[in-house]
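The sequence and structure are shown first.

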Amino acid sequence: MIQIDGSFGEGGGQILRSSIALAMVTGSPVRIEKIRAGRSKPGLMRQHLTAVQAATKICNARVSGDAIGSTQVTFEPGQVAGGDYTFGIGTAGSTTLVLQTIMLPLLCADRPSRITLDGGTHNPFAPPFDFLERAYLPLVNRMGPSVRATLERPGFFPAGGGRIVIEIEPAPMLQGFELLERGELRRRHARAAIANLSPSIGDREIGVIARRLGWEPTELAIDVVSDSRGPGNIVTLTLEYEHVTEVFTGFGEVKRSAEAVATHAVQACQRYQKHTAPVGEYLTDQLMLPMALAGNGAFASTGLSRHSETHIELIRRFLNTRIRAERHTADSTLITFSSGVT
Amino acid sequence: MSNRVVIGLLGPALDRGAGPDRWSQWRPTVSLCQHEELLISRIELIHDPRYSALVDVVAEDIRSVSPETQVRLNRMTFRDPWDFEEVYGKLHDFARKYEFDTEHEDYLIHVTTGTHVAQICLFLLTESRHLPGRLIQSSPPKRRSSGSPGNYAIIDLDLSRYDRIASRFDTEQREGTTFLKAGIETRNPAFNRMIDEIEHVAIHSSAPMLLTGPTGAGKSSLARRVFDLKKLRHGITGRFVEVNCATIRGDGAMSALFGHKRGAFTGAARDRAGLLREADAGLLFLDEVGELGIDEQAMLLRAVEEKRFFPVGGDREVESDFQLICGTNRDLGESVRSGAFRDDLLARINMWSFEMPGLAARREDIEPNIRYELLRLTDATGRRYQFNKEAFAKFLSFSMAADSRWCGNFRDLNAAIARMATMSPTGRFTTEVVDREIDRLRMSWRMLTTPTDGPDASAIEALIGERLDDIDEFDRVQLVHVVAVCRDSRSLSDAGRRLFGATRKRRKIANDADRLRKYLARFGLDWASVVRDVNS
């Protein structure tokens, strides 16, 4: 039984989700203690419980401590089974975070899967759907499997009610890749999505983007979302390079001006553009687990976040893969994955 | 883990909200489902059909923020939602018809929405346990339009009531005597004197006590209260172990009392400590001690005197330092004379002997005991039980009457109260309920008048003598009646006519005198002896 201290590093729900994902792909039982110990409401909240329950379902695990407020979970995975699954995440919790927990084992499952997730699709502190679809999944697909994501209905905090569908064609095993250069920029576009709010918010956001980034009107769009249950606003900037696509997001919130929302995304985009490395901070974090599981490959990153460092620690507990992070160029880090046998 | 189920009313004002703006408002019913640490498996939403459009929005929004929650809609029409009687009646009906599954579901009664009248009714129904759950009260966030779900508090009325009752009992029972009487203000002077003595002995002595008295006089509950008092005054640290010796007669008695070692006999798969060991440092109450077998008596004597004994099949003595109270409804002196009880054991256990009078001997204590039983019932069931004034007067006067025998003593009284509670769904005992209970009590006492202990039985005993033991109870009843009829009749033929009247109507030839003669002869009796005896 692998023991994980849930309060180390980033110390939040990520350790729980990634530990369970790693337990499923390795088949090792795991006990996670002190879950979210430093948070104001420690232990499992509803969205974490849903993640644990979803994982339990896809691999027929034996689990204890799966209750609200529980700070210790024991998870003994069984055989991962692909198939048709639906999970609902309460409090407009992030669908992509639950997906993060269960997708990795399904990539190499015995048969294809179709996962329907209800809840929030564009949450602060979680990868938004557009990032998942355009930045993350194309790289996963480069590793062997074929994953397709569809946004059936957007879900914003606090109303939720969004739905995403993920279809997975598994591969026998994951194959690492090498991603050291962005290649040439092929397309860039900005989108201000407005749900149940005044479209003028979108105008102001697009205005900020045009001014600060100097993008052409054809590269800017306002998307009035008609099928959202509640209000929501999000700004998405996408840079499509030859070898990688990156997505930057600004989230609308109560009492936050449209300008501030757009500026947040613009600044993230500008920071990335100043770098030369292809893989941004969030994408780095997402790629840690699949690349480690593949056990080979390398990519150049703009830098390691606390999340990524926590991931490296965690991976060490489950896998033999060696992860080396070293200075690549003046402003980028080269992360190399190799099988630990040598 | 049990599932959380919320029961609440749709708030036509507070839950209102149309358009996307509603998400920045605090809507108690929807907001309750938006707390990240409160997982609600099901919500029972009670609503007036007038607000069906609103309830659809609320239900849909709950599904959106809480896919884990099943939303069940319950229609309830109020002509006037401010009319206390109507609202209470309808909510009461809802509670009565609802199939609560308290073993698997944890109910939270949401009292933030609905009219104040509805909120008060929900409170009352929860307090009376018609709604077997806790209250949940939600409140808005500090900043109204922040979209935050606000706060909530779960209130367990059971706990607060428990505290209140406990503190009330604390003051009532400060005195040991009141304590021993369970807080019942008994009025019978002899009984009160006895309790004074028991209190003194309980506090100052650890010697055995013997409680005698008829069954149901309260020996067992007094023994437990003596234990509680000793514990309160730090006279004892262990447990209260109670055993009815009548239930452990035979082969198992030894090992039940004194324990056994593994393999002592077939089926002794492992060591068993036995009740005496369990009572170590505590108090052992042996009820019906007169039923104890003679071997067990010998062992018990040694255990009491030496504080050590051999478990069955054990070759090493074990120790147990327990205090002892024995109870019996037998005359143990008589048992000693007949050889059924050891005199040395009796001498040892009746160091302090108290005779508990039956209920019929302390009728003035019936009233405080009725009040106590009602209180206890309310405490145990969470419902308030009361007599109406007239019914109480009626039951009391029946209880006090000289021909109310109270054969089962307090057991009868408690059973009567419990039965009346069952028959009173509203919690109020009416005169009809009391009348029916009086009939039931009279009937049960009549049934207990067996021929062997009634005056008539003594009549046939005089006739038949020792042979009575050979006659089945089945036949005794008949014989008692036949003898009584004979003695009330002028002649054998007269008695025969009365006894065989039904046959006589069907037959042409009357032979009832002959039948009666033959019947008496079966018991070695004839007309003369039956009638003569009555005159002597």
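In which helix of chain A does A:Met288 lie? A:Met288 lies in helix H7 of chain A, where helices (H or I, at least four residues) and strands (E, at least two) are DSSP runs numbered from the N terminus.

## Basis of the model

This is a predicted model, in which local features need pLDDT of at least 70 and side-chain atom pairs count only at pLDDT 80 or more, while totals for chains, interfaces and linings use all residues. Residues are numbered from 1 along each chain as its sequence is written, chains are lettered from A and ligands numbered from 1 in the order in which they are written, and side-chain values use heavy atoms, with hydrogens and water left out.

The secondary structure of chain A comprises 8 helices and 16 strands. Of its 342 residues, 58% are buried, a class defined by under 20% relative accessible area, with over 50% termed exposed and the range in between partly exposed (1.4 Å probe, protein chains only). Contacts (heavy atoms within 4.5 Å) between residues at least 6 apart in sequence join residues at least 24 apart in 72% of cases in chain A.

A:Met288 counts as buried because its relative accessibility is 0%. Leaving aside residues up to four places away in sequence, A:Met288 touches A:Leu304, A:Ser308, A:His311, A:Ile312, A:Ile315, A:Ile335 and A:Phe337. A:Ser308 is 20 residues from A:Met288 along the chain, with 7.1 Å between their C-alpha atoms.

## Helix H8 of chain A

Helix H8 spans residues 306-318 of chain A. Its 13 residues reach 19 Å from first C-alpha to last, close to the 18 Å expected at 1.5 Å a residue; the expected span is 1.5 Å times one less than the number of residues.

The buried residues of H8(A) are A:Ser308, A:Thr310, A:His311, A:Ile312, A:Leu314, A:Ile315 and A:Phe318. Their cover includes helices H1 (13-26) and H7 (281-294), together with strands E1 (2-5), E2 (30-33) and E15 (322-329), of chain A.

## Nonpolar cores

A nonpolar core is a set of buried Ala, Val, Leu, Ile, Met, Phe, Trp, Tyr and Cys residues joined through side-chain atoms within 4.5 Å. The largest core has 94 residues, of which A:Ile209 and A:Leu237 touch the most other members. Helix H4 (residues 129-141) of chain A contributes the largest share of this core, 8 residues. Another core, of 32 residues, lies apart from it and has B:Ala303, B:Phe309, B:Phe322 and B:Ile349 among its members.

In chain B, B:Trp445 lies in helix H17 (residues 431-447) and counts as buried because its relative accessibility is 3%. B:Trp406 is 39 residues from B:Trp445 in sequence and 7.5 Å from it in space, C-alpha to C-alpha.

## The interface of chains A and B

The size of an interface is often given as the accessible area lost when the parts come together. Chain A and chain B bury about 1,800 Å² between them, 53% of it on carbon and sulfur atoms; this buried area (1.4 Å probe) is summed over both parts. A:Arg46, A:Pro158 and A:Arg229 supply 35% of the area that chain A buries against chain B, more than any other three residues. Each chain brings 22 residues to the contact.

Between the chains there are 3 salt bridges, each a side-chain nitrogen of Lys or Arg within 4 Å of a carboxyl oxygen of Asp or Glu. A:Arg46 forms a salt bridge with B:Glu68, the closest N and O atoms being 3.1 Å apart.

Notes
Buried area = accessible area lost by both parts, 1.4 Å probe.
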